[in-house]
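Subject: The structure, and some notes on it

Hi,

Here is the structure I said I would pass along. Have a look at it first, and then read on for my notes.

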Amino acid sequence: GSVVAQLEIGGFPVGIATERPELQTPSPETVGGTTVRISLHVDDPDGAAAQAIAAGAREMFPVADQPYGMRQGRVVDPFGHHWLLGRPLDGGGDSS
């Protein structure tokens with residue numbers, strides 16, 4: 001399928017693509033759910049979420065200070081992929 005996003009983690013590319021039924025790789029939208037959440041730590045989670053929503057993502061829960069030490073929210077892109085967008089609050093935190 002077409003690449004939706006490509007990230008680099010430790011020098012290794014990680015890609016997210018649209019579905020390819022002939023390769024048995026349906027999209028989350030087609031199967032009605034997902035088993036994967038992509039968690040991105042960004043400097044401005046509020047701005048990143050607003051940008052994603054403006055580009056067609058749906059807000060699952062708004063960016064807010066979470067009790068586990070993150071300022072974080074979740075959006076779902078038009079293909080059904082779930083994206084956690086956040087940063088640690090002062091004093092640290094972990095989104096795991």
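Predicted model: local features only at pLDDT ≥ 70, side-chain atom pairs only at ≥ 80, totals over all residues.

Let me start with two glutamines. Gln72 sits in strand 5, which covers residues 70-76. Its relative accessibility is 2%, under the 20% limit, so Gln72 counts as buried. The side chain of Gln72 also has a polar partner: it makes a polar contact with the side chain of Tyr68, at 2.6 Å.

Gln24 belongs to the loop between strand 2 (12-17) and helix 1 (28-31). With 72% relative accessibility, over the 50% limit, Gln24 counts as exposed. The backbone is worth a look here too: phi of Gln24 is near 60°, a positive value in a residue other than glycine. Most residues other than glycine have a negative phi.

Now for the core. The largest nonpolar core is made up of nine residues: Ala5, Ile16, Ile38, Ala49, Ala57, Val63, Val75, Trp83 and Leu85. In soluble globular proteins, nonpolar side chains tend to be buried together. If you pick out Ala57 and leave aside its neighbours within four places in sequence, you will find it in contact with Ala52, Val75, Val76, Asp77 and Pro78.

Last, there is Gly47, found in helix 2 (residues 45-54). Gly47 has 29% relative accessibility, which lies between the 20% and 50% limits, so it counts as partly exposed.

Happy viewing, and best wishes

Key:
Residues numbered from 1 in each chain as written. Heavy atoms only, no water. Helix = DSSP H or I, 4+ residues; strand = E, 2+ residues; numbered from the N terminus. Buried < 20%, exposed > 50% of the residue type's maximum accessible area, 1.4 Å probe, protein only. Polar contact = N/O pair within 3.5 Å; in protein donor to acceptor, adjacent residues only side chain to side chain. Core = buried A, V, L, I, M, F, W, Y, C linked by side-chain atoms within 4.5 Å. Contact = heavy atoms within 4.5 Å.
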